[in-house]
Amino acid sequence: MDFIGDTSIDWLKYRWYFIAFSLIVASIGVLDIARKGGLRYGIDFSEGTIVYPRFEKTPQIEEIRRVLSNAGIGEAVIQRYDREEMNLVMIRVERRGDDTVELDATATRILDALRNNLPDNELVDVSTEIVGPVVGETLRRQARNATLFAMGAMLLYIGFRFEPIYGVGATVAVFHDVVLTLGLVSVFNHEISLNIIAAFLFLVGYSVNDTIVIFDRVRENRQLARRTSLREIMNLSINQTLRRTILTSGLTFFAVVALYALGGEVLRGFSFVLVTGIIIGTYSSIAIASPIVLWWRRYRDRPASQRRKAKTKPEERAARV
Amino acid sequence: MRKNLRWKAALILAVTGLCVWSFYPPEEKIKLGLDLKGGIHLIMKVNTEDALNAVTDEASEILGQSLDEESIAFDAIEKEEAGKLRVTGVDGTKDSAFRTLVETNFGSWEVLARGGGQWELEYRQAARSILREETVAQAIETIRRRVDELGVAEPVIAPHGDSGNQILVQLPGFDDIERAKGLIRETAKLELRLVQGRGFSEDQLLGGRPQPPGTEILSGIAETGGTDKYYYLVERVPVITGRDLKNARRSLDYDTNTPNVSFTLKPEAASRFQRETRANIGRQLAIVLDNNVVSAPVIQSAIYDQGQITGNFTVEEAQDLAIKLRSGALPASLEYQEERTVGPSLGADSIRSGVTASLVGLAAVVLFVLFYYRLSGVNAVIALALNVLILVAALAYFSATLTLPGIAGVILTIGVGVDANVLIFERIKEEMRSGKTPRTAISASFGKVFWTIFDANLTSLVAAVILFQFGTGPVQGFAVTLSIGLLSNMFTAIFVSRFIFDFVLSGRQVEALSI
């Protein structure tokens with residue numbers, strides 16, 4: 001059975017549209033991040049104090065907010081935390097000062113305010129989380145470094161197994177995916193948590209897998225038809241693998257959409273990155289990775305073809321492009 | 001050909017059997033991480049300064065004794081700061097003897113003459129960093145022993161961060177954070193010291209007299225059980241310390257029927273204890289825990305190698321104190337830098353919805369593959385199922401912990417696994433369209449697609465290895481599942497899938513393929 005017939009789309013003809021599209025999406029994301037003053041880091045990375053008071057009776061969030069802003073802690077994020085008992089609330093205050101001492105003091109201030117101003121609803125249990133500046137920063141740096149090193153290693157491996165420029169193409173495509181997805185994460189107001197980092201790693205792995213399948217077909221077709229231009233070979237390869245691309249992406253898409261829809265609140269941000277990652281990762285293999293390789297080839301071969309102008313016959317030169 | 005297929009079948013069955021065996025029963029074998037199971041996550045800073053302080057105190061004590069033994073007169077040995085001692089009033093004619101003594105017996109200390117009988121001893125930088133490393137390693141060891149006794153499955157206790165003095169502790173499935181924190185953080189320095197006097201205030205204790213040399217004032221609880229502050233004048237040098245303990249366990253005081261902690265001493269400490277208790281019958285012996293007098297029983301008779309610590313313990317407190325004593329004292333105090341608890345119920349919630357969602361997603365994939373590739377789809381589903389089976393079996397075998405990031409790794413494995421099958425099947429279709437028979441089409445497709453799958457998997461594997469090397473926690477969890485998944489994927493997609501085709505087609509002349 002075949003849903004999709006053979007295609008002969010000239011993908012590389014549209015490369016400027018693709019680039020323009022990517023640039024627009026990237027700019028929207030980057031502008032959104034800039035407008036919001038940076039990415040929103042979740043509990044795992046935020047430097048601040050989180051207090052979880054458990055009340056005797058179900059508290060009114062509005063009342064807690066009023067009490068806290070009277071106590072001068074107006075910037076706190078207040079959420080109900082426990083779904084079953086409804087008595088547990090999360091109060092989060094981002095770090096403002098430079099030292100952990102202030103973080104501790106903030107927790108005390110929050111608890112004092114709640115104890116003194118909500119007399120008919122006592123605190124039965126309290127737990128606090130304090131993340132110092134060092135910890136948040138270390139986590140962030142390690143996740144970033146690990147990802148960059150991993151991308152470097154992929155660049156080397158692909159460059160070695162194919163040609164160096166293919167490694168560059170694949171890595172730039174992956175980088176493109178990360179930037180675009182980060183932007184969308186910001187636009188859709190998801191927080192960067194440790195789990196989202198893992199989802200980004202998924203995206204890197206998925207994107208590169210997709211790119212390699214196309215590159216591999218290019219490698220194979222180039223051996224079969226040495227005289228055909230790289231551009232034609234790339235178009236042919238993309239078209240030949242298109243059915244597989246759509247099927248695979250579609251199937252994986254199924255699985256992660258289910259995760260997004262049914263996975264519940266905790267998994268929301270995580271599966272959001274998986275869903276967008278599959279779309280963008282698939283797109284970039286076609287729209288970003290291949291054009292980069294093609295550009296480099298044209299750039300590298302230009303002086304050579306000019307030098308050979310006198311000797312080479314015109315039709316041969318045309319075929320080289 | 002048939003023979004060839006037979007050993008392949010045997011290999012695949014063996015792998016399957018091994019996998020089923022290795023992860024059955026799944027509830028026991030698959031460990032869930034903190035994010036899925038709930039539990040406690042702590043990052044602590046080891047105050048390595050404490051260890052330096054202890055070393056300085058000890059050096060000060062020993063230096064004093066050595067100077068006395070060598071009859072080198074001096075006025076005082078003062079601790080300037082951690083790692084720095086000042087000796088004053090040293091007899092001017094003994095300068096070289098002093099220097100020789102310090103240089104031979106205190107190799108880790110740099111000795112500086114300040115003139116006028118004043119000397120300075122400073123703990124060397126190299127020795128400081130060794131001390132720091134040892135302290136952290138020892139703290140980890142102590143915490144590990146304590147946590148092991150709590151019976152927490154799969155705890156993580158490891159150095160953390162770049163500063164070299166942080167420790168990460170993760171206790172999956174444990175939700176009593178206060179108990180865990182108490183158990184981990186208490187230094188648990190046990191000392192038994194002879195009591196010289198006691199009272200409700202320091203003034204009452206000394207009665208205006210200067211504090212006798214070789215003593216120390218410690219606070220503690222009154223024997224009457226009151227809550228008022230109570231003070232003890234105790235000898236500075238303990239009779240017994242925590243290091244002399246052979247064992248400690250929770251027991252019951254049969255007279256009062258209250259929980260207490262009984263301990264036994266190592267042989268060499270036992271004879272010392274017997275000597276000291278015999279010589280001091282009728283005196284009080286203070287049981288000092290972390291510089292706090294827990295109780296001060298009167299020595300009734302010579303005690304050989306056993307003792308009891310009584311106090312107002314609950315059963316759990318007695319239990320925890322016994323654990324702490326057994327595991328030894330921490331070499332330095334700990335400071336919490338980050339703490340986080342995930343309620344087990346919250347974790348359970350997210351795993352339930354996560355599992356439901358994954359199953360729905362997987363079912364959709366399976367149905368589609370069966371619908372789209374017909375009988376060949378069965379082949380893909382078998383390969384996929386075996387892939388997942390190998391993955392979970394390997395996780396169980398390595399006692400890896402499954403976390404949410406790990407699930408991302410599983411999804412990626414499934415995605416790449418399905419991709420490998422799709423690649424092969426689409427290639428077979430292509431080859432058949434160009435007029436090849438099923439058998440040659442299959443053979444050609446596997447040959448051509450092999451390097452695609454190899455390169456795609458190996459690229460991700462290279463990345464996964466790097467992630468494991470440079471990442472922490474969640475990044476590593478992802479890397480582990482992904483690495484295992486990619487390897488099993490190459491086996492199932494290339495070897496198993498090929499075998500199924502060959503097996504079905506063997507000995508028959510097939511015109512068309514259900515694909």
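Q: What covers the buried residues of α5(B)?
A: The elements covering the buried residues of α5(B) include α4 (48–69), β4, β5 (109–115) and β6 of chain B, where contact means heavy atoms within 4.5 Å and where helices (H or I, at least four residues) and strands (E, at least two) are DSSP runs numbered from the N terminus. This is a predicted model, in which local features need pLDDT of at least 70 and side-chain atom pairs count only at pLDDT 80 or more, whereas totals for chains, interfaces and linings use all residues. Residues are numbered from 1 along each chain as its sequence is written, chains are lettered from A and ligands numbered from 1 in the order in which they are written, and side-chain values use heavy atoms, with hydrogens and water left out.

Q: Which residues in helix α5 (residues 95–105) of chain B are buried, and how do you know that they line one face of the helix?
A: B:Phe98, B:Leu101 and B:Val102 are buried in this helix. Seen down the axis of α5(B), the buried residues fall within an arc of 90° (taken from the directions from the helix axis to the C-beta atoms), and therefore they line one face. On the other side of α5(B), B:Ser96 and B:Thr104 are exposed.

Q: What makes the pair of B:Arg86 and B:Glu120 a salt bridge?
A: A salt bridge needs a side-chain nitrogen of Lys or Arg within 4 Å of a carboxyl oxygen of Asp or Glu, and the side chains of B:Arg86 and B:Glu120 meet that condition at 3.2 Å, N to O. The pair joins strand β4 (residues 84–88) and strand β6 (residues 118–123) of chain B, so it ties together parts that are 34 residues apart in sequence.

Q: How do you know how far apart B:Glu431 and B:Arg427 are along helix α12 of chain B?
A: The two residues are four residues apart in this helix, which means that about one helical turn separates them. B:Glu431 and B:Arg427 form a salt bridge, with their closest N and O atoms 3.8 Å apart. B:Glu431 is buried at 7% relative accessible area, and B:Arg427 is buried at 6%. Both residues also belong to a network of salt bridges that links A:Glu220, B:Arg427, B:Glu431, B:Lys436 and B:Lys448.

Q: What makes the pair of B:Glu430 and A:Arg217 a salt bridge, and where does it cross?
A: The N to O distance between these side chains is 2.4 Å, and the pair counts as a salt bridge. It crosses between chains, from B:Glu430 in helix α12 (residues 404–433) of chain B to A:Arg217 in helix α6 of chain A. B:Glu430 counts as partly exposed because its relative accessibility is 23%, whereas A:Arg217, at 7%, is buried.

Q: How many salt bridges are counted between chain A and chain B, and which elements of chain A supply residues of the side that touches chain B?
A: Six salt bridges are counted between the two chains, including B:Asp455 with A:Arg161, whose closest N and O atoms are 2.6 Å apart. Elements that each supply at least two residues of the side of chain A touching chain B are β4 (123–131), α4 (133–161), α6 (194–224), α7 (230–262) and α8 (268–307) of chain A. The most comes from α6(A), with 16 residues. The contact takes 65 residues from chain A and 63 residues from chain B.

Definitions and conventions: Buried means under 20% relative accessible area, exposed over 50%, partly exposed in between (1.4 Å probe, protein chains only).
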